[in-house]
Amino acid sequence: MKTSELAKLPELKLVQAKYEDREIKNGYTSDLLSDVLANAGENALLITIQAHKNTVAVASLLDCAGIIICNGKTIPEDMLQSAAQENIAIFNTGLNQFAASHLIYGRLNR
Amino acid sequence: MPENTVPLSQSEKIPSLLEELIYTLKIRDVMTRELCTISRAETMRRAQALMKEHGLTALPVLENGRLFGIITVGDIIHALDNKIIEDKVEDQMTRNVIVLEDDMPLSLGITYFDRYHFRVFPVLDKNNKLVGIVTSRDIINKLLVEMNKEVAELEKLLPAPAQVNSYSVYKEFIHQKFSFEDAGVASGEFKKILQSKGFDAKLIRRVAVAAYELEMNLVIHSDGGKISMAVNGSSIEIAAKDRGPGIKDVALALQEGYSTANDWIRSLGFGAGMGLSNVRRVSDDFQIQSAPGKGTEVRAIINTGKENADENKRTGQTT
């Protein structure tokens, strides 16, 4: 599925809309950024509760297709700005990481 | 003194080094001290033989250390031409000799060459004793030697060629302690540079992972330091060097899961004890040096030749 299709899911709220619309092939769920760096695949959707600028840096380095911030965490302005600069979509959701992963997993074209 | 007829100053402007040399050097500094002379009673034939043997264009005529005259090539030709080659030297020598004093500045000596059109000048000291002989060749030789010395001195002042010159790309960033705002700037920039150079995406990912972890370490653990990327023909080197505090037990720090990060840093998703092992995993060659109180230096080398990396390293993924 594409990043733009994620935006249509009622559970997700697109909070950073300046992004490159890409085919999402993969996902990775983790709150440890070093773990993300070590293990996330290519064009992955990053599911995490780490709502800060460094998450964008990691996502950008790994060419992540987007970031989902779980548990309804507030996303700071500098994180949104940084993501806009890097053309990475950010979604906010009230779901936890487990539920969000389940929501996305079944919809990926594998 | 007709300044504008000095051969060396005929050009618009003498280079200042040369100018300084001809004003500071004295005639005694350039003259030849090994003298070949002849006495008045010898024959012109003997003079000719000496000049031929030693390759001279002039031969001073000397008696008890006093200069009486000089035999030039012209005098020899004249003697041969007029069949008086067996005559005594004192009868055929040039008597009006123009001499230089050993204490004269070289600049003045040079004007004599121009003014009198002689090729050779005997040199006398204050007591009118012959102490040397000067040809234009002596002057040129000495000037070249002196200029070489000056150039050698100047070269010493040149900064040593920087190591960066041997790399096709070199880029570095400085990170301050706890400057989380800047973390990711270096690795992001490195990534862009490598993308613009057309490097393979998987290779770029490995470099990016190594660079990001190392710059996070600088920000989280160090008192500030420098991260750099150097690209050469066959590899990319990411190096991080900090000012301290240094790692007490490097082997322990390399162990996955070991971290000294505080709770706040952990809450940000760092300090999981994976940083250095991540760097080591994506590197083809990994070196770390650290001493408490001094600082830490880490070098991660990633070969750019595709055959050099196994698939796991190239994807940057663990299995």
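This is a predicted model: local features need pLDDT of at least 70, side-chain atom pairs count only at pLDDT 80 or more; totals for chains, interfaces and linings use all residues.

**Entry 1**

I began with A:Asn71, which is partly exposed, with a relative accessible area of 42%. For that term, buried is under 20%, exposed is over 50% and partly exposed is in between, with a 1.4 Å probe and protein chains only. A:Asn71 has phi near 60°, a positive value in a residue other than glycine. I found A:Asn71 in the loop between strand E4 (66-69) and helix H4 (77-86) of chain A. Helices (H or I, at least four residues) and strands (E, at least two) are DSSP runs, numbered from the N terminus.

Then I looked up A:Asn43, which is not a glycine but has a positive phi of about 50°. A:Asn43 sits in the loop between helix H2 (33-39) and strand E3 (44-48) of chain A. A:Asn43 is partly exposed, and its relative accessible area is 29%.

Residues are numbered from 1 along each chain as its sequence is written, chains are lettered from A and ligands numbered from 1 in the order in which they are written, and side-chain values use heavy atoms, leaving out hydrogens and water.

**Entry 2: H9 and H12 in chain B**

I looked up helix H9 (residues 201-221) and helix H12 (residues 275-282) of chain B, whose axes come within 9 Å and cross at roughly 155°. Axes are lines fitted to C-alpha atoms, for helices over the stretch in contact, and angles run from 0 to 180 degrees between N-to-C directions. H9(B) and H12(B) are therefore roughly antiparallel to each other, a term for angles over 145 degrees.

Which residues of H9(B) meet H12(B)? I noted B:Arg206, B:Val209, B:Ala210, B:Glu213, B:Leu214 and B:Asn217 in H9(B), which meet B:Gly275, B:Leu276, B:Asn278, B:Val279 and B:Val282 in H12(B). Contact means heavy atoms within 4.5 Å.

**Entry 3: H6 and H7 in chain B**

Next came helix H6 (residues 106-116) and helix H7 (residues 136-157) of chain B, with axes that come within 11 Å and cross at roughly 145°. B:Leu106, B:Ile110 and B:Phe113 of H6(B) make the contact with B:Ser136, B:Ile139 and B:Leu143 of H7(B).

**Entry 4: a cis bond in chain B**

Last, I checked the peptide bond from B:Gly244 to B:Pro245, which is cis, with omega near 10°. B:Pro245 lies in the loop between strand E8 (235-242) and helix H10 (250-254) of chain B.

Methods. Angles under 35 degrees count as roughly parallel, over 145 as roughly antiparallel, 65 to 115 as roughly perpendicular and the rest as oblique.
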